[in-house]
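Subject: Structure handover

Hello,

Here is the structure I said I would pass on. My notes on what was found follow below it.

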Amino acid sequence: MASMLMNPIRSCSVSSSWAVLIFNYFLSVQTKSKKTLARPGVKNIVLVEGVRTPFLLSGTTYADLMPHDLARAALQGLLKRTGIPKDAVDYIIYGTVIQEVKTSNVAREAALGAGFSDKIPAHTVTMACISSNQAMTSSVGLIAAGQCDAVVAGGVEFMSDVPIRHSRKMRKTMLSLNKAKTLGQRLSLIGSIRLAHLSPELPAVAEFSTAETMGHSADRLAAAFGVSRVEQDEFALRSHTLAKKAQDEGLLQDVISFKVPGRDIVSKDNGIRPSSMDQMAKLKPAFVKPHGTVTAANSSFLTDGASAVLVMSEEKALAMGYKPKAYLRPTYATPKVLERAGLSMSDIDVFEFHEAFAGQIMANLKAMDSDWFAQTYMGRKSKVGTPAMEKFNLWGGSLSLGHPFGATGCRLATTVANRLKKEGGQYGLIAACAAGGQGHAMVIEAYPQ
C-alpha cells in the first residue's frame, strides 16, 4: 500500500478535521517537477471508467424503488459502458450510510441483480460521506496485494425511504409479546402499552457521540472562521450555475440513463437549480435559529443515487484492450507519505472537493489561508494558501448535483478523471469530509493519451 495515496484519517475534532486533512496535503508537497507518478516494476492501478445514475432529490422519481435497485442500475451501466465480461470482475465493493435492513449487504444484492455470478464476492462498507471513497481504497488495496486484477467499487444512498423504528419501549414490548406463552401474558403486555410507546424514532444526520447534526456543525464551523451568509450563498450559487452550464454542455458524461419501473427514463440530475442572491437571502436559517447562516439554499440536499467505477491493475486493463482514464494514487494523507509524490500545489490542475455545506467549504478555504490555523493546529510557521478557484469544482458539486451520502466519492473520482481529459491536465485532487471528524483525499493522475 506504500505506493498508494488515499486513506481516511482521524483528526482532532469534527470542526477542524477537514481543514487539517487539506493542510496535511498541501503543506507536505514541496517539489516543483511535474513528473509521472507511474512507477516501473510496481503494480500501477488505474481507473478505467466510472458511471452514476442521475442524482435526484429524495421523494421524486426514485421514490418507489429500493437502494439495491439504484446500485444495480449503476453496475449495469458500468458493464454496458465498458463491455467488461462479468466473470472478469474479481470483487465488488459498495459504500452506503443509511442501510436498508432487508438488504444490509447491498453490494451483494445489487451484484446478483446485475447478473454477476454468485461466485464473485461482494461486501458493503460504511464510513459516512466517504463510504464509496473507502470502497475505492479497498479496491486499490486488493489489487496492490495481488488478490485481484479487476474490482468494481461504488456507492448508493436512498433517502426516499429510510428505516423508521418503533420506540425502544415499544420494541421491547413487541419482542416480549413474541416470547409470551399464555394469553394472560400477552394481554398483560398489550395493556402495558402507553401512547408514548407509539412515538417513532426517526433517523437523523447527526453524530451519535455528540448528537450534533451536520448542519449545526457546519454553522458552528462557519461562525468560527467568520464565513458570512453572503459568502455561503455566493458559493452555492456558483455551484448551481457551474453545474447547469456543465449539464447543458453535455460534460456530465458519467451520468447514465435509467428506466425507472413504471415511470419515464431519467437521464439527468434534477437538483440543479440556479437561483439569485435575492431569492436565497429570503430563506431562514435551517439549523441554528434565528441567527445561523446555514440554510436550505447553501446546503446539499437529501439525494437518491448510485455510482460505480471499474478499478484495475494497469497490466490487466491494457491486456484487455482498455484505455484507462487515470492512475489512482491513494495513500495515508500525511506529510511524510505525500512528500514522496514530489508534487507542489501548483502541480494540481483539477480540484474536486465535496460540498456538504457552503459554510464547510468556505471555512476550510479560510483555514488553508490562515497563518493562525497553520501555527495552532498544524505546527507550521505559515499558511499554505487556497486552491485556484479557476480549477475548483468547475462542473458543480454536491450542493447542486446532489449528495447521495454513500455514492459521492466515486462521483468525485470520475469527475476528476473526466475533467483532466477534457482540460488537458495531469494531476487532480479529490477531498471529502465525513462524520466523526474523518476525511479523505486522493491524487489522480491522467493516463497518458
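Which residue forms a salt bridge with Arg419? The partner is Glu423, and the closest N and O atoms of the pair are 2.8 Å apart. Please keep in mind throughout that this is a predicted model.

Salt bridges

To stay with that pair, Arg419 and Glu423 both belong to helix 15, which covers residues 408–423. Four residues separate them, about one turn of the helix.

Glu201 has a relative accessibility of 29%, so it counts as partly exposed. Arg165 is also given as partly exposed, at 45% relative accessibility.

Lys245 and Glu249 form a salt bridge as well, their closest N and O atoms being 3.0 Å apart. Lys245 is partly exposed, with a relative accessible area of 47%, and Glu249 is partly exposed, with 45%.

Finally on this topic, a network of salt bridges links Arg52, Asp254 and Asp269.

The chain as a whole

The chain contains 15 helices and 13 strands. It has 449 residues, of which 56% count as buried. Where do the contacts reach along the sequence? Among contacts between residues at least 6 apart in sequence, 82% join residues at least 24 apart. The accessible surface of the chain comes to about 19200 Å², and carbon and sulfur atoms account for 54% of that area.

Helix 8

Helix 8 runs over residues 229–248, which makes 20 residues. From its first C-alpha to its last it reaches 29 Å, close to the 28 Å expected at 1.5 Å a residue.

Which residues of helix 8 are buried? Among them are Phe235, Ala236, Leu237, Leu242, Ala243 and Ala246. Just after helix 8, Gly250 takes a positive phi of about 70 degrees.

A buried histidine

His440 is part of strand 13, residues 438–446. Is His440 buried or exposed? At 1% relative accessibility, His440 counts as buried, because the cut-off for that class is under 20%. The side chain of His440 is joined to the side chain of Asn133 by a polar contact of 2.8 Å.

Backbone geometry

Most residues other than glycine have a negative phi, and most peptide bonds are trans. Some places in this model depart from that, and they are listed here for your own checks.

- The peptide bond from Lys289 to Pro290 is cis, with omega near 5 degrees. Pro290 is located in the loop between helix 9 and strand 9 (303–313).
- Ala128, a residue other than glycine, has a positive phi near 55 degrees. The loop that holds Ala128 lies between strand 5 (122–125) and helix 4 (131–144). Ala128 counts as buried, at 15% relative accessibility.
- Ala211 is not a glycine either, yet has a positive phi of about 65 degrees. Ala211 is in the loop between helix 6 and helix 7. With a relative accessibility of 60%, Ala211 counts as exposed.

Regards

Definitions and conventions
Residues are numbered from 1 along each chain as its sequence is written. This is a predicted model: local features need pLDDT of at least 70, side-chain atom pairs count only at pLDDT 80 or more; totals for chains, interfaces and linings use all residues. Side-chain values use heavy atoms; hydrogens and water are left out. Buried means under 20% relative accessible area, exposed over 50%, partly exposed in between (1.4 Å probe, protein chains only). A salt bridge is a side-chain nitrogen of Lys or Arg within 4 Å of a carboxyl oxygen of Asp or Glu. Helices (H or I, at least four residues) and strands (E, at least two) are DSSP runs, numbered from the N terminus. Contact means heavy atoms within 4.5 Å. Accessible areas come from the Shrake-Rupley method with a 1.4 Å probe; for residues, only the protein chains shown count as cover. A polar contact is a pair of N or O atoms within 3.5 Å; within protein, one must be able to donate a hydrogen and the other to accept it, and residues adjacent in sequence count only if both atoms are side-chain atoms. The expected span of a helix is 1.5 Å times one less than its number of residues.
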